[in-house]
Amino acid sequence: MKKSVFLGTLSAAALIAGIAGAATLDDVKGRGELICGVNTGLTGFGAPDANGNYQGFDVAMCKALAAAVLGDASKVKYIPTTGETRFTALASGEVDVLVRNSTWTFMRDVDLKFDFVAVNYYDGQGFMVKKDLGVSSAKELDGATVCIQTGTTTELNLADFFKANNMSYTPVTVADDSEGQRQYLAGACDAYTTDASGLAASRASMPDAENHIILPEIISKEPLGPLVRHGDNQWGDVVRWTYYALVAAEEYGVNKANIEEVASTTQNPEVKRLLGVEGELGEKLGLDKEWAKRAIAAVGNYGEIFEANIGSGTPIGLARGLNALWTQGGLQYAPPFR
Amino acid sequence: MAFVQDAPKDSFRLSMLIYDTRYRSLTIQVVVLILFMLFLSWLLNNTIQNLAAKDRTFDFGFLLSRAGYDINQRLVEYTNDSTHARAAFIGLLNTLLSAVVGCILATIIGVVVGVLRLSNNWLVSRLMTVYVEMFRNVPVLLWILLAATILSETTPNPRDFRVTPEMQAAGEAPKATMLFGIIAVTNRGTDIPEPKFCVGKPREECDADPNEGGLGIIDLGIFKVSLNLLALLVVFGGSIFATRRLKRQADATQDATGVRPVTWWKNLLILVLPSAALLWALGLHFVVPELKGFNFAGGITVLHSFTALTLALALYTAAFIAEIVRAGIMAISRGQSEAAAALGLRPARTMRLVILPQALRVIIPPLISQYLNLTKNTSLAIAVSYMDLRGTLGGITLNQTGKELECMLLMMGIYLTISLIISSCMNIFNRAVRLKER
């Protein structure tokens, strides 16, 4: 008797474990809310505004996704994650998707069992120093104390860079961006290193932004993008194509303002398919016809999101650079919608 | 005719398991045990199932692969080419350093404050009350952050120590100067002179050698042992043994004649002279830190992250220890101090010879918990960027390898082991001081 109870429990446990790994898309629809892992606070990318609402370049991706899947861009629950907690949060199912300046690397893709569905920002690691330090190149940082965020690829890049240039340094490992900024501003470290976009965002939020410079050396490749758990390909497809819909919209000149007009007047078959006027791309994803239209209408196309959050008109002032469309010499390229 | 009824047969029935008090407690225990085992097996099974569902394995092989990151405080040799296991070891040593220094400081401060809180001096006792109430009623994390912020915001940048030729020409003094010309307090750490040894070589040669001069070192594989330190320990241990003998002789003389011979200057000589002679023979000298490039080099840098963490933990825990000490002292009846006074003992001696030895019996058991608390609280180190076990094994290694379960289990195992070692040591000490009943 005891044995059968034991076996029963085992099979029940197995059943529960099996259900937990089921389709994320159904979970999100059933819940009526998307749970999105974001930064604890990086101005321009993902940070709460004065009213406590999350805003930013990465956050816009969450909103677009919620608009595509649930039809309402506001149905997102933001879970702030640090560099250290983000992957555990995704792997354990605490968040549905992680959009948090995370670098696509071999180990994370293969060994940590995640799928990076796209690259929404091509970045590289840089250094920020105070102007009065008199340093103009990262090669002059021999013996410096460097602040660095724990749980990031930048830790390993930093070690490699100093080793390759036969220099020494003292790392100060901080838990998150705000602590890094505090230590850097207090002078506890000579240089602060993270992704160049992150540095620009940090600098924009400093009271004396003009006294800090970002050194010209970019010491690594940091393709940042949204990621989902490995193995749930349907959900991965939804996230991937929602992102590409935003990129394609920019390419075809569809934006927040003209989307209704374009949808009714366009003669371009690809735009028709994208906006759900023709074909059934949405149904194939497990969504409805107008998924991409809703996503674009909610947050705008890729270019609009970039300019509104981190572009040259904002205090962060990042140039499009590598993140321009492929038609303008950049790397942002959406596969065909057919 | 008498009808004799048989006594009821004492046969076992299943219902007796519940209704018979002889069996009931056993039944309950067995049922609870089965439920507990079922819960454990469910946990284990759930883990295995979920690992399999995520296509993850469970192995500790990653510990032997290259770590690839740097650590700022290294008590033994470590580079980014070392293994993850080595990085965890460095973190463990940093944890232990902070815990040991913290425990010692907390005990000293705690005992002094606890005794002073009972002082008859109104001002002193109230001040101590304020200290205790302030520290134990604010979360320790806030004290750690406060200490780190004060240390890094109020101290000068290493650059401020620089004297440029233009400044010399203009006769300007730098913004900051070193304490006594040998200690530099910057906003990163405290640079103190480093002791170096040198035998039979010019000093410059010894100082250039990263290994210690003097007797050299033995490489044990896991870490290196300085022979200089070993020699010093042996000599000092010998001195302590000699003072013990001296004390026994003095006791014997006192028992025989009633007069205690004066021993303090002999003790002092025995303790100081041999060690001093050894250090002189080994060519002890101090290398004073110098500003080179961005930071001071040449001395030992005590990072502010270490100072802030250890100091805050020590002050916080000392507030609890002070209360424990006060409770211990108040548990000793007044008659004891009155009897000591009647015998002519002065207050300081009464405290040292009569009150404290008895109070220790009350103090030691709760003191163990405070030491354990302090040790476990060192895991808050990441708040001030101190690379302890949680920062290396449970932080960077966990994150870079993605082996959450393995790292967490390993870390729990290590903290458990440290805690068990501390409590067993303290239990041995407790047995030594407790009331001997014959």
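**Figure 1. Salt-bridge network in chain B of the predicted model.** In this predicted model, a network of salt bridges links B:R117, B:E133, B:R136, B:E323 and B:R326. One pair in chain B is B:E133 with B:R136, whose closest N and O atoms are 3.2 Å apart. Both residues of that pair belong to helix 4 (residues 122-136) of chain B, where they are three residues apart, about one turn of the helix. B:E133 is partly exposed, at a relative accessible area of 29%. B:R136 is also partly exposed, with a relative accessible area of 29%. Side chains of opposite charge can pair when their charged atoms come close. Over all chains, the whole structure holds 24 salt bridges.

**Figure 2. Two salt bridges within chain A.** A:E260 and A:K293 are joined by a salt bridge between their side chains, at 3.3 Å from N to O. This pair links distant parts of the chain, with A:E260 in helix 10 (residues 259-265) of chain A and A:K293 in helix 13 (residues 291-299) of chain A, 33 residues apart. A:E260 is exposed, with a relative accessible area of 52%, whereas A:K293 is buried at 11% relative accessibility.

**Figure 3. The interface between chain B and chain A.** About 3,700 Å² is buried between chain B and chain A, 50% of it on carbon and sulfur atoms. On the chain B side, B:F294, B:N399 and B:Q400 lose the most area to chain A, together 18% of what that side buries. The contact involves 42 residues from chain B and 48 residues from chain A. Between the two chains there are five salt bridges and 20 residue pairs in polar contact, both residues being at pLDDT 80 or more. Helix 2 (21-53), helix 5 (140-154) and helix 13 (389-401) of chain B each contribute at least two residues to the side of chain B that touches chain A. By residue class, that side of chain B has twelve nonpolar, 19 polar and eleven charged residues. A salt bridge joins A:D190 and B:R188, with the closest N and O atoms 2.7 Å apart.

**Figure 4. B:N399 against chain A.** B:N399 is located in helix 13 of chain B. At 6% relative accessibility, B:N399 is buried. Residues up to four places away in sequence aside, B:N399 touches A:G83, A:E84, A:F87, A:L112 and A:G151. A polar atom of the B:N399 side chain lies 2.7 Å from the backbone oxygen of A:E84.

Figure 5. An unreviewed UniProt entry places the feature "transmembrane region" at residues 23-44, 96-118, 225-243, 264-288, 308-332 and 408-429 of chain B. Residues 96-118 of chain B are 96% helix and 0% strand, and the end C-alpha atoms of this span lie 33 Å apart. For residues 264-288 of chain B the values are 72% helix and 12% strand, with 34 Å between the end C-alpha atoms. B:S275 sits in helix 9 (residues 264-281) of chain B. B:S275 is buried, with a relative accessible area of 10%, and contacts B:L232, B:V235 and B:F236, neighbours within four places in sequence being left aside.

**Figure 6. The loop position B:V288.** B:V288 lies in the loop between strand 6 (285-287) and strand 7 (290-292) of chain B. The residue B:V288 is partly exposed, at a relative accessible area of 31%. Apart from residues up to four places away in sequence, B:V288 touches B:M178, B:G181, B:I182, B:P193 and B:A297. The C-alpha atoms of B:V288 and B:T177 are separated by 14 Å, the two residues being 111 residues apart along the chain.

**Figure 7. Positive phi values in chain A.** A:N101, a residue other than glycine, has a positive phi near 40°. A:N101 is in the loop between strand 5 (97-98) and helix 5 (106-111) of chain A, and is buried at 10% relative accessibility. A:K113 has a positive phi near 60°, again in a residue other than glycine. The loop holding A:K113 runs between helix 5 and strand 6 (114-116) of chain A. A:K113 is partly exposed, with a relative accessible area of 22%.

Terms used: Residues are numbered from 1 along each chain as its sequence is written. Chains are lettered from A and ligands numbered from 1 in the order in which they are written. This is a predicted model: local features need pLDDT of at least 70, side-chain atom pairs count only at pLDDT 80 or more; totals for chains, interfaces and linings use all residues. Side-chain values use heavy atoms; hydrogens and water are left out. Helices (H or I, at least four residues) and strands (E, at least two) are DSSP runs, numbered from the N terminus. Buried means under 20% relative accessible area, exposed over 50%, partly exposed in between (1.4 Å probe, protein chains only). Contact means heavy atoms within 4.5 Å. Buried area is the accessible area (1.4 Å probe) that two parts lose on being put together, summed over both. A salt bridge is a side-chain nitrogen of Lys or Arg within 4 Å of a carboxyl oxygen of Asp or Glu. A polar contact is a pair of N or O atoms within 3.5 Å; within protein, one must be able to donate a hydrogen and the other to accept it, and residues adjacent in sequence count only if both atoms are side-chain atoms. Ala, Val, Leu, Ile, Met, Phe, Trp, Tyr, Cys and Pro count as nonpolar, Asp, Glu, Lys and Arg as charged, and the others, Gly among them, as polar. UniProt positions are given in the numbering used here, feature names are shortened, and annotations may be inferred rather than shown by experiment.
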